[in-house]
Amino acid sequence: MSEATLKVRIWRGAEVGRFEAYEVPRRTSQTVLDVVTWIQRRIDPTLSYRFACRVGMCGSCAMTVNGVPRWTCRTHVTKVARDDTVTIAPLRNLPVIKDLAVDMTAFFDKWARAGGRFVPKADAPNDFAVVAPDSQERRAADAGIECIGCAVCYSGCDVVSWNGDYLGPAALNRAWTLVNDVRDGARTQRLAAVAGDAGCHACHSQQSCREYCPKHLDPTGSIAGLKRATVRAAMKGDL
Amino acid sequence: MAQRTARAETLLWLAQRASAAVLAVCVAVHLATIIYAVQGGLTAEEILGRTRGSAWWLAFYSIFVVAVAVHAPIGLRTIVREMTPWRGASLDGATAIAAIALIAFGWRAIGGLVG
C-alpha cells in the first residue's frame, strides 16, 4: 500500500513568480510549517521561509494557506487541506522578498508611527505601579496585549490593501493597549498619531482582523475604542 | 500639523457618524411615507397636496438634506482616498463643493415640494 501524500502548491519567486507543485507524505498531527520544512529539507533547500519558535509564540511563520492568512506552526494540515491539496503563499499586503518570506519593515514601522512605544509619565514612581486587575483600563489593555506581531491581521485587512499608508490592525491594537495603560504619559500624542488620515478612522469595521487573529484578539474592538477616545479628546480640546 | 490633521479627521468621522444616525431615521420615515403614499395610486397633485405649505415636511426634508450634505461628501472623500492617489487640499475642496452642491440641489427640490 502506498503512503498517503499531500499535494502542495508553494509560491516561488518574489513579487513575480509562480506556484510550484510538490508531494509530501502525510503524518499524524502534521502542521503546515512541518510541510514547508519537509520540502525545504528533502526536496529543495533553496525554498525560503521564516520560522523560529514552532509553538505559536514568536509570530514568525505566518503565511497564506488556501487563501487565508494563518500561523503555520499551529495550523494542522487536516484542518485546511481540501482534496488532499494545500496552497501556500506569502502574506498579502507586504512585499515578497523570496518565496514565502515577506519584508515586515512597513508593518513594524507602523507600530512606531502609531505610538507603539511606552512612554512613562514624568512623575513616574520608582516603585512598581499598582494597577487594579479589575479596572476598566486594565481589562481593556489585557484584551489586546497578547499580540505576537505575526501580521496575520495586517495581511487579512482590505483597508491596508486599498490604502498602503493605513496603520493597520496590529499597530492600532498596540496603541489601544497603551492608551489604557495608566502608567503611560503620551496619551495625547498617541491619539494624534492614530487619528491621522490613515489611522483608526479609516477602519471599515469589516472584522477580518478579528476573524483571522490566531490569538483570538479583537483589533476591530481596539480600533473602535480608539475612535471613541479620539472623539472624546477632540471634544475636550485635547486633540 | 499632525495634531490638526488628527483633529480634523476625528471631527469628520464624528460628523459622518452623527449624520448617519439622523439619516437612519429620515430614510425610514421617507420610505414609510412612500409606501403609505402609493396605496391609492400616485399622482403629483396628491403629493403636492400633502406637502405644499407644510411646515412639518419643510422641517423634515431640510434636516434630511443637511444630513445628506454632511454624510455623502465625507464618504466620497474616503472612497477617493482608498481607490485613487488623490489627497490633500484639492480633494478637501472638492469635498466641500460636493457638500454645497448637495445642499443647493436639495433646497431646490424642497422648494418644489413645499413652496
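Predicted model: local features only at pLDDT ≥ 70, side-chain atom pairs only at ≥ 80, totals over all residues.
Student: What makes the buried residues of helix α1(A) line one face of the helix?

Tutor: In this helix, which spans residues 32-42 of chain A, the buried residues are A:Val32, A:Leu33, A:Val35, A:Val36 and A:Ile39. Seen down the axis of α1(A), these buried residues fall within an arc of 160 degrees, and they therefore line one face.

Student: What covers the buried residues of α1(A)?

Tutor: The cover includes the strands β1 (5-13), β2 (17-25), β3 (62-65) and β5 (85-89) of chain A, together with the helix α2 (77-80) of chain A.

Student: Why is α10(A) called roughly perpendicular to α1(B)?

Tutor: The axes of α10(A) and of helix α1 of chain B (residues 2-37) cross at roughly 110 degrees and come within 9 Å. Angles of 65 to 115 degrees count as roughly perpendicular, so α10(A) is roughly perpendicular to α1(B).

Student: Which residues make that contact between α10(A) and α1(B)?

Tutor: From α10(A) come A:Lys227, A:Thr230, A:Val231 and A:Ala234, while α1(B) brings B:Arg7, B:Thr10, B:Leu11, B:Trp13 and B:Leu14. By class, this contact of α10(A) with α1(B) has five nonpolar, two polar and two charged residues.

Student: How many residues of chain A are in contact with chain B, and which helix supplies the largest share of that side of chain A?

Tutor: Twelve residues of chain A are in contact with 13 residues of chain B, and the largest share of the side of chain A, four residues, comes from helix α10 of chain A (residues 219-236). That side of chain A divides into six nonpolar, four polar and two charged residues.

Student: How do you know that domain 1 and domain 2 of chain A touch?

Tutor: The domain assignment gives domain 1 as 5-102 and domain 2 as 105-236, with 29 Å between their centres, taken over C-alpha atoms. Contact requires C-beta atoms within 7 Å, and 15 residues of domain 1 of chain A are in contact with 15 residues of domain 2 of chain A. On the domain 1 side, β4(A) gives the most, with four residues, and this side divides into eight nonpolar, four polar and three charged residues.

Technical notes. Residues numbered from 1 in each chain as written. Chains lettered and ligands numbered in written order. Buried ≥ 20, exposed ≤ 12 C-beta atoms within 10 Å, placed from the backbone. Helix = DSSP H or I, 4+ residues; strand = E, 2+ residues; numbered from the N terminus. Arc of directions from axis to C-beta. Contact = placed C-beta atoms within 7 Å. Nonpolar A, V, L, I, M, F, W, Y, C, P; charged D, E, K, R; others polar. Axes fitted to C-alpha atoms, helices over the stretch in contact; angles between N-to-C directions. Parallel < 35°, antiparallel > 145°, perpendicular 65-115°, else oblique. Domains from an automatic or database assignment.
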